[in-house]
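Please look over the sequence and the 3D view, then follow the points below.

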Amino acid sequence: MLTIKNLHAEVEGKQILKGINLEIGKGETHAIMGPNGSGKSSLASVLAGRDNYTVTEGEVWFNGKNLLDLSPEDRAREGVFLAFQYPVEIPGVSNLNFLKTALNEIRTYKGLPAIEGRDFLKLTKEKQQLVDFNANLMNRSLNEGFSGGEKKRNEIFQLAMLDPQLAILDETDSGLDIDALRIVSNGVNKLRDAEKSFVVITHYQRLLEYIVPDFVHVLYNGRIIKTGTKELALELEERGYDWLKEELHLKEA
Amino acid sequence: MTSDITLPFYQALTTDVNALSACQAQDELQGIRREALERFAVLGLPTLKTEAWRYSNIQRYLKEFPYELLYATTTVPAATIAQTAIPELDSYRIVLVNGHLQADLSELPAGKGITIGALSAHTQAPGFTTWFNKQHHLAQESLATLNTALFADGLYIELAANTVIDKPVHIVHVYTTTQHAFIQPRHLWVLNRNAAATIIETSVHPDAGAVTFTNSVLETVVEENAELWHYNIQQGDQHFREVHTTAAQQQANSRYHHFNFTLPGTPFTRNNLSVALNGSNTETNLNGLYIANESQHVDNHTFMDHIMPNCNSNELYKGVLLDNANGVFTGRILVHREAQKTNAFQQNNNLLLGTKADINSQPQLEIYADDVKCSHGFTAGQFSEESMFYLRSRGIGEDAAKALMVNAFSHDITDAVKVPALQHYLQEQIAAIMNN
């Protein structure tokens, strides 16, 4: 589904990604871990098309399409979704209107007619319950005055509504207490199926107890330095990242 | 009767006695007209050196075409009006063609205490004799004095004490001329004690091959404990230019809610809005939204005159400037020494979206009382890149994202519109402008 080859990217002239290779298959869940500043969120931003990042080398293919050639909106329409680490507050844009616009823009791109008002409300209700999103927040302005947990839940709710093929969760666990973490994780787990793939970016192993990944990658200094299964996350939790860094330096020496 | 004004404008007007006598059908106004014309001769046409007009070069627009003063009435077919309806709006309708009431297309509210008709037919009415040309700011604005001297006709509304109009009144201004014309409509609306009304103004400009320049003046009087909701929607087009002066007076305990929407179309728009608070404990809300594109010039010149104590005024003007559009906002607040316990707030926010768009904004606060709360603020900015990226990352294209953001920017103005059909209409208009 997603193939990343030798991806290099920089921001403001500073090299952040230094040759990422990653293959994500249909229905798989990949966790990307790593210390602060290793490039995890940058990878998410580059995939979603944030324009202050410049790709200097490498390729990204998504379902046979060159993802890097597409605008952010076209990436979303093709089925890439980024759950933001810091969801933006937009006063005056209602949550409902925003979602309806997004859904219809995606439908237009796919050659489908606009969704009927009744069907939209039905879908909204269904997904709201699925991911346990507070209905009172629906008519409010987008994320305005939402708590940290409510914002993250709104990201998962949008994910459920837009139904992408690839969802990238950028530190969705950051700033969540254990109850909120459980609710968010439950929502994600209900959305997992054989067609949908997830990239879960996190600093902590804690999230991976709830969202159990098929693969765990360690990103360090702009490169993936180790890949394993969920046991690798546990090992990182116990031993930290230093042993990996040393291992890497020995290899390079 | 017409008068060529290709000469320097005021010279032509002050030397041509015919111009004055031409519109003096009402003898009882001769004194007022003559006095106004003398005043106009003193003030002269504004130039860029006139402080209140330093960002709006009206002379450039007056010289564009050989305008002729136009007094004659004309009528339009019903089809012209059909397209001006606001969907779902249940309202009365008043049609004015070049400032003249066209009764057969109008649907006037009837009932005890409601007087509506041509201004020229009501110069003996008590509201007219008491209030006409009495708002003292009018004598300071040269184009208003010109209007007083040479206006042809306009709309007179008077609501007797305790009269409430049950539905909004929709005034449709039609401007259409076959020769380049300078038109000066004059209106007076008087709401007596405890009266209440909602008035919506829109305009339509059927192209008859010529450019129309209007210099209109509206006086509104909101008497003791009366309430007026007033929505003015300016949506012109390429063959229209507009100077519009609204001079309001409020008496004790009255409420005046003024909304001014200027949407794309008219190359030159200047709005003078002044409110004189002659009584205590009043409430005034001035809301403005201007969305301008191409090389449109929109100037809102506002003046809150706090004469009496314990009055509240709240002014919020927001602008979206696209392409090369030019915005001007002036917010003058004058708090007299007697006007203690005044609350006067003013805010002007702008989105500069065109590469050559600009805004000149100036608050002018003159405060002579010591126990008041007054504030003003100004912003000019672009869309937040982070917000745009967030919307686009959800599949929303750049144009639709901009439309959403502009709607969001203007929502505190549109949300304050109390007529649901009108609110919806305005939101749709804004979305359509942004999707174009």
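Which residues of S3(A) are buried on one side, and which on the other? A:Thr29, A:Ala31 and A:Met33 are buried on one side, and A:His30 and A:Ile32 are buried on the other. This is a predicted model, in which local features need pLDDT of at least 70 and side-chain atom pairs count only at pLDDT 80 or more, while totals for chains, interfaces and linings use all residues. Residues are numbered from 1 along each chain as its sequence is written, chains are lettered from A and ligands numbered from 1 in the order in which they are written, and side-chain values use heavy atoms, with hydrogens and water left out.

**Strands of chain A**

- Strand S3 covers residues 29-33 of chain A, and five of its five residues are buried (buried is under 20% relative accessible area, exposed over 50%, partly exposed in between, with a 1.4 Å probe and protein chains only).
- Strands (E, at least two residues) and helices (H or I, at least four) are DSSP runs, numbered from the N terminus.
- S3(A) runs parallel to strand S10 (residues 197-201) of chain A, joined by four bridges; two strands pair if DSSP finds at least two bridges between them.
- Within S10(A), A:Ile201 is the bridge partner of A:Ile32.
- S3(A) also pairs in the parallel sense with strand S11 (residues 215-220) of chain A, over four bridges, and there A:Ala31 stands opposite A:Val216.
- In strand S6 (residues 80-83) of chain A, A:Val80 and A:Leu82 point one way, A:Phe81 and A:Ala83 the other way, and all are buried.
- S6(A) has a parallel pairing of four bridges with strand S9 (residues 166-170) of chain A, where A:Leu169 stands opposite A:Ala83.

**A helix with one buried face**

- A:Trp243, A:Leu244 and A:Leu248 are buried in helix H9 (residues 242-252) of chain A.
- Seen down the axis of H9(A), the buried residues fall within an arc of 140 degrees, so they line one face of the helix; the arc is that of the directions from the helix axis to the C-beta atoms.
- A:Glu246 and A:Leu250 are exposed on the other side of H9(A).
- The cover over the buried residues of H9(A) includes S11, strand S12 (223-228) and helix H8 (230-239) of chain A, with contact meaning heavy atoms within 4.5 Å.

**The sheet of chain B**

- Chain B has an open sheet of 10 strands with mixed pairing, in the order S3-S2-S6-S9-S11-S13-S15-S17-S19-S21.
- Its edge strands are S3 (100-101) and S21 (373-381) of chain B, each pairing on one side only.
- Strands S13 (residues 255-262) and S15 (residues 283-292) of chain B pair in the parallel sense over eight bridges, and B:Phe259 has B:Asn287 as its bridge partner in S15(B).

**Loop residues with positive phi**

- A:Glu171 is not a glycine, yet has a positive phi of about 45 degrees.
- A:Glu171 lies in the loop between S9 and helix H6 (178-191) of chain A, and counts as buried at 11% relative accessibility.
- B:Asp323, also not a glycine, has a positive phi of about 50 degrees.
- B:Asp323 is in the loop between strand S17 (312-321) and strand S18 (326-335) of chain B, and is partly exposed, with a relative accessible area of 38%.
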